[in-house]
Amino acid sequence: MKILAVQNRMGIGDTVIFLPFIKALSQKFNSPISILVKESSKAEQYLYQTSYIDKILLLEREKKTSNRHGGILGIFNLIKDIKKHNFDKIIIFNSSIRFNLISRFSGISEVYQYPLFQKSRQHITDVPRQFIKDKLDLIVNEDPEIQIDGALISKSIERFQINKNEINILLGIGGSGSTKRIPSRIFLSVIEKISKIKKCKFFLATGKDNEEQIILNEILQSNFKDLCKPLDNFSIKETLPIIKSCNLSICNDSSFSHLSAALGVKTITLMADTPLIYGNYSSKMFPIIPEGEKTVSHKTLGKEKISPQKIFDKIIEIIN
């Protein structure tokens, strides 16, 4: 049976959050599930070894209508691209009439979709959980899972000289927006605290954005530079086995927090300016919110108020 699931939200985190529903579909129909996702999800870099995923189809439709799947012409291109796979079923995790029409003109006989015209204010986990229960009688409460071959993990352990007698910690210091990026002084304070009592190695995960590079260099130019290994020159695919080899992760709300938790690594999520659900939807996630706040959402602007001591206390709780 050939099944396609459509998840057209933009980021890595959004795609990871939907993985439990994709896996549940795979188990129900005893078949891996193909997915249609945006190129910005970068799904091909972290789902290529996950057994319940079949094909990864890229939705080439960003903000510009000149993309292959943008505009009126893009509808016909997408129909053509989907139709050649001869899917039997499609599960659409959105309320778009566009995708409803595309799926029907693609010749797919069974279409399951969110209620049409109800796009606004859809909860990232509650809505798909209720949808898949109502439409397919599936109860889903699992964490996201990304699978990776053990041989790749062994190679990374050897390549990066990862010592299992040390505490290996991923520091996800990057982030998609300035308000999400915790200052280097907070990470340095945490490094100082834990290094006094444990032998540690830190892997610094970030992108090439100028502000992210400033934070990275501030850490690499500190007294703790010999304990740190930057990962900014590695692809997501290359970082996965490194993350999997770590004892724990400390991450801004970024792609690395989602990937880390989905790889089964206990992940301290530093939630400064994003709805809390993005940092606590998995049992592997342990959110830290700004001092003085009871919760966190957009416009909390709390990156300066993340407590190094609370992070340290959570580290001790995890490793003990």
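**Exercise 1.** State how much accessible surface the protein has and what share belongs to carbon and sulfur atoms.

*Solution.* The accessible surface, from the Shrake-Rupley method with a 1.4 Å probe, comes to about 15000 Å². Of this surface, 49% belongs to carbon and sulfur atoms. The model is predicted: local features need pLDDT of at least 70, side-chain atom pairs count only at pLDDT 80 or more, and totals for chains, interfaces and linings use all residues. Residues are numbered from 1 along each chain as its sequence is written, and side-chain values use heavy atoms, with hydrogens and water left out.

**Exercise 2.** Determine what share of the 320 residues is buried.

*Solution.* Buried means under 20% relative accessible area (1.4 Å probe, protein chains only). By this criterion, 55% of the 320 residues are buried.

**Exercise 3.** Describe the cover of strand S1 and the directions in which its residues point.

*Solution.* Step 1: strands are DSSP runs of E with at least two residues, numbered from the N terminus; S1 covers residues 3–7. Step 2: 5 of its 5 residues are buried. Step 3: Ile 3, Ala 5 and Gln 7 point one way, while Leu 4 and Val 6 point the other way. In a regular strand the side chains alternate between the two faces of the sheet.

**Exercise 4.** Identify the strands that pair with S1.

*Solution.* Step 1: two strands pair if DSSP finds at least two bridges between them. Step 2: S1 pairs with S4 (residues 89–92) in the parallel sense over 4 bridges, and Val 6 stands opposite Ile 92. Step 3: S1 also pairs with S2 (residues 33–38) in the parallel sense over 4 bridges, where Val 37 is the bridge partner of Gln 7.

Methods
Buried means under 20% relative accessible area, exposed over 50%, partly exposed in between (1.4 Å probe, protein chains only).
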